[in-house]
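Here's a quick tour for anyone meeting this structure for the first time. Take a look at the sequence and the model, then read on.

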Amino acid sequence: MDHAEDAHRTDLMTITRFVLNEQSKHQESRGDFTILLNNIVLGCKYVCNAVNKAGLAKLTGLVGETNVQGEEQKKLDLLSNEVFINALSSSGRTCILVSEEDEEATFVEPAKRGKYIVCFDPLDGSSNIDCGVSVGTIFGIYMVKDVKEPSLDDVLQSGNHMVAAGYCMYGSFCELVLSTGSGVNGFTLDPSLGEFILTHPNMKVPKKGKIYSVNEGNAKNWDGPTAKYVENCKFPKDGSSPKSLRYVGSMVADVHRTILYGGIFLYPADKKSPNGKLRVLYEVFPMSFLMEQAGGQAFTGKQRALDLVPKDIHERSPVFLGSYDDVEEIKALYAAEACNK
């Protein structure tokens, strides 16, 4: 890439222009999704600004409350949640909102209702805020069956019904990664323009990677297949080079690196958390959708991640996602264990 030439481009593909181009391919489209996405983008810009000045504005630290997950809430958690609830409700295109921070789903008032459901984690990895590590927003979008009578049944469906998913990473730069079901594209926020510009078109995860990403502090509680897989990463039996361990502890940052460089991200079930720790609707599903759209796989240890049907809006699940061949390896280990039982 010629960065000097790139810096003086005048024909910029903004995220709005990109979505409008996609919209034009569907004659039946009325622009509702474009309006919804614009409000999500607005929320991302607001949170990005808040994250960048968190230390100066005294937005770091704890509020002194816990959320529905039993996690201590950061000031930025609450601010980010409020921003996205307001942005999504006021769009006039949503009917149900599910947030990690709220115990109950939010049903938008009838006068402002639209046909979309948005499940989101307003600030994933916020425990890292105080030390300046990348954090992010994760979202998944569904269609409601009946706008006049939306119910939780519309939310509690498999990930196969998702119409779009994405995340926005707030770090050394702000990047929004989006899929509407036809590939994955990355947009970087240009602070001078206040616009997200297409910088990573048609993102593809390498078929096999050299990195594994997992919290090895939980190793003593892992099941057999996970322990065996990580052992193979460090001490390969086929004479190949060992994989490198990279773990940020912020899902957005770890998954973003996995999409770009390949490899595998593991958050397995263990003895402490037999059902896993990541939430299905606003962490597992959106990231699995993106990974599959980028050519990778996502697996729970029992089934394809997007085939799950949650029974609760805050249900948890283990997940293994990343390069196609790397996920195949851990699937084979779980299959072998099932055969031996």
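Just after helix α7 (251-261) comes Gly-262, and this glycine takes a positive phi of about 85°. The helix itself is mostly covered, with nine of its eleven residues buried. Keep in mind that this is a predicted model, where local features need pLDDT of at least 70, side-chain atom pairs count only at pLDDT 80 or more, and totals for chains, interfaces and linings use all residues. Residues are numbered from 1 along each chain as its sequence is written, and side-chain values use heavy atoms, with hydrogens and water left out.

A few terms come up throughout:

- Helices (H or I, at least four residues) and strands (E, at least two) are DSSP runs, numbered from the N terminus.
- "Buried" means under 20% relative accessible area, "exposed" means over 50%, and "partly exposed" is in between (1.4 Å probe, protein chains only).

**Helix α7**

- The buried residues of α7 are Met-251, Val-252, Ala-253, Asp-254, Val-255, His-256, Arg-257, Thr-258 and Ile-259.
- Two of these, Arg-257 and Asp-254, join their side chains in a salt bridge at 3.0 Å, N to O; the term stands for a side-chain nitrogen of Lys or Arg within 4 Å of a carboxyl oxygen of Asp or Glu.
- Because they are three residues apart in helix α7, Arg-257 and Asp-254 are separated by about one helical turn.

- Helix α8 is largely enclosed by the rest of the structure, because twelve of its 14 residues are buried.
- Among the buried residues of α8 are Val-280, Tyr-282, Glu-283, Phe-285 and Pro-286.
- Just after α8, Gly-295 has a positive phi of about 100°.
- The largest nonpolar core has 44 residues, and those with the most contacts inside it are Val-98, Leu-281 and Met-287. Such a core is a set of buried Ala, Val, Leu, Ile, Met, Phe, Trp, Tyr and Cys residues joined through side-chain atoms within 4.5 Å.
- Elements that each supply at least two residues of this core include β3 (94-99), β5 (113-124), β6 (135-143), α7 and α8 (280-293).
- With nine residues, α8 gives the most to this core.
- In soluble globular proteins, nonpolar side chains tend to be buried together.

**Salt bridges across the chain**

- The count of salt bridges comes to 13.
- One of them pairs Glu-329 with Lys-208, whose closest N and O atoms are 2.5 Å apart.
- That pair links distant parts of the chain, 121 residues apart: Glu-329 sits in helix α9 (residues 324-340), and Lys-208 in the loop between β10 (195-200) and β11 (211-213).
- Glu-329 counts as partly exposed at 34% relative accessibility, and Lys-208 counts as partly exposed at 45%.
- Arg-304 and Glu-292 also meet through their side chains in a salt bridge (2.8 Å, N to O).
- Arg-304 is in the loop between β15 (297-299) and β16 (316-317) and Glu-292 is in helix α8, so the pair ties together parts that are twelve residues apart in sequence.
- Arg-304 is partly exposed at 32% relative accessibility, and Glu-292 is partly exposed with a relative accessible area of 25%.
- Salt bridges that share partners join Lys-208, Lys-243, Asp-326 and Glu-329 into one network.

**Out on the surface**

- Which residues gather in a patch of positive charge on the surface? They are Lys-220, Lys-271, Lys-272 and Lys-277.
- Patches are made of residues with over 30% relative accessible area and no salt bridge, with like charges joined within 9 Å and nonpolar side chains (Val, Leu, Ile, Met, Phe, Trp, Tyr) within 5 Å.
- For the charges, Lys and Arg count as positive and Asp and Glu as negative, while His and the chain ends are not counted.
- Lys-271 lies in the loop between β13 (264-267) and β14 (278-279), and is exposed with a relative accessible area of 65%.
- Ala-111 is in the loop between β4 (106-107) and β5, and counts as exposed at 75% relative accessibility.
- The C-alpha atoms of Ala-111 and Gly-92 are separated by 8.1 Å, and the two residues are 19 residues apart along the chain.

**One more loop**

- Asn-202 is found in the loop between β10 and β11, and its phi is near 50°, a positive value in a residue other than glycine.

How values were computed
Areas by Shrake-Rupley, 256 points an atom, 1.4 Å probe, with all protein chains shown as cover. Charge placed at Lys NZ, Arg CZ, Asp CG, Glu CD.
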